[in-house]
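Colleague: I want to learn to read strand pairing and a ligand shell. Walk me through them.

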Amino acid sequence: MKRVLIIGSGGIGRRHLRGYAATGRASLSIVEPHAERRAEAEAMFALAGSYADLDEADLSSFDLAVICAPAHLHVPLMLKCAAAKLAFMVEKPLAVTMEGVDAALEAVEKAGILARVGYIRRIAPEVLAVRQQIHDGKIGALKLAYVNSSQEFPKYRPDFQRTYYARPEMGGGAILDAASHTFDMLVWLMGRPVAVGAMYDRLVLEGTDTEDTCLVNICFANGAMANVTINQFQKPNISQASFIGTEGNLFLEHSVLSFADDDSGHWKDRHDYMDGLVPTEAHQARFTLQANAMLDALDGKPCHLATLGEARQNLQIALAAKKSWQDRIIVSIND
Ligand SMILES: NC(=O)c1ccc[n+]([C@@H]2O[C@H](COP(=O)([O-])OP(=O)(O)OC[C@H]3O[C@@H](n4cnc5c(N)ncnc54)[C@H](O)[C@@H]3O)[C@@H](O)[C@H]2O)c1
């Protein structure tokens with residue numbers, strides 16, 4: 001049994017608690033400063049320990065931390081894990097500014113600990129299939145990606161005005177909160193980003209200081225380009241990604257992946273990676289897969305979850321997108 005400390009038992013913290021519990025390989029403890037939420041988690045899960053503050057917990061008694069507090073707290077929490085040489089997974093996004101990020105990455109490197117970032121789509125079978133098929137050369141050289149991920153966010157997160165989502169300085173909004181998942185997929189498939197141009201605004205949602213819409217263009221070091229479109233108010237739930245190569249296209253719509261290499265208008269090799277599954281259950285099951293991947297990594301097995309370095313590039317895209325629209329410029333990303 002690995003001793004796992006979940007830091008923050010809000011929305012995503014509870015998904016991780018369920019996910020790690022379902023592995024049968026972890027004994028679980030939490031840190032949760034909000035007394036009512038802590039009591040709820042204590043009632044919902046069989047916990048080995050429960051703390052109001054990270055400083056109350058003896059970090060040397062754990063094998064893994066899962067950082068699930070809002071993103072503006074990720075850097076100080078990563079530093080505490082590094083100081084205690086405690087392996088961790090931190091939720092996305094890595095941070096909300098670059099301040100302290102490089103120092104935290106350096107501290108982790110020096111501590112020599114396992115550290116990954118919770119971009120859950122890396123576990124999704126349909127995203128793994130896209131990556132494998134591109135790797136196998138099915139569409140030739142990947143040159144372009146168009147992604148549209150848009151839905152009525154308040155329907156899925158009714159408390160959005162009261163969470164970090166409403167506050168840009170806590171990591172809320174379409175860019176840092178939602179688009180960040182897509183940026184991870186693109187960094188994974190297309191490599192290092194070098195330039196970003198964007199527009200964004202709060203077009204509809206009330207009661208937040210964050211953008212509910214963004215249009216982001218990214219250029220990668222290998223010359224490939226991507227366009228990411230997100231709005232968080234439209235009624236239909238759209239999730240579409242086209243991967244356009246020199247020999248054909250892959251088209252991912254939610255969990256359905258199709259392929260075309262001619263202009264017949266017919267898609268081939270259509271496969272639904274969630275066929276027969278209940279979407280909410282399948283989504284929760286992915287947190288168990290992710291938990292198993294982290295526990296396997298602790299045992300020394302290979303791990304393809306996002307690294308801190310990849311999440312840093314992801315954050316650079318998000319911050320460049322914000323700067324681009326604020327300054328009305330295309331922003332270069334230099335390493
Ligand atoms: N991977 C995903 O699909 C996904 C989905 C939702 C949220 N997230 C990410 O997870 C993080 C948290 O989001 P959420 O929706 O769970 O937010 P939330 O507001 O529901 O929960 C955050 C919890 O952290 C607690 N907290 C605050 N300060 C803390 C501290 N110092 N130590 C420990 N706990 C602390 C809060 O009391 C709260 O219970 C964000 O970075 C968010 O972007 C990821």
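Colleague: How many bridges join β7 to strand β10, and do they run parallel or antiparallel?

Modeller: Some ground rules. This is a predicted model: local features need pLDDT of at least 70, side-chain atom pairs count only at pLDDT 80 or more, and totals for chains, interfaces and linings use all residues. Residues are numbered from 1 along each chain as its sequence is written. Two strands pair if DSSP finds at least two bridges between them. Strands (E, at least two residues) and helices (H or I, at least four) are DSSP runs, numbered from the N terminus. Here, five bridges join β7 to β10 (residues 225-231), and the two run parallel. V147 stands opposite V228 in β10.

Colleague: In which sense do β7 and β11 pair?

Modeller: Antiparallel, over eight bridges, with β7 at residues 142-150 and β11 at 238-245. A145 has F243 as its bridge partner in β11.

Colleague: And side chains in a strand?

Modeller: In a regular strand they alternate between the two faces of the sheet.

Colleague: Which residues are closest to the ligand?

Modeller: A residue is near a molecule if its C-beta atom, placed from the backbone, lies within 6 Å of it. By that test 26 residues surround the ligand, the closest being G8, G10, G11, I12 and E91. Helix α1 (residues 11-23) gives the largest share of the shell, three residues.
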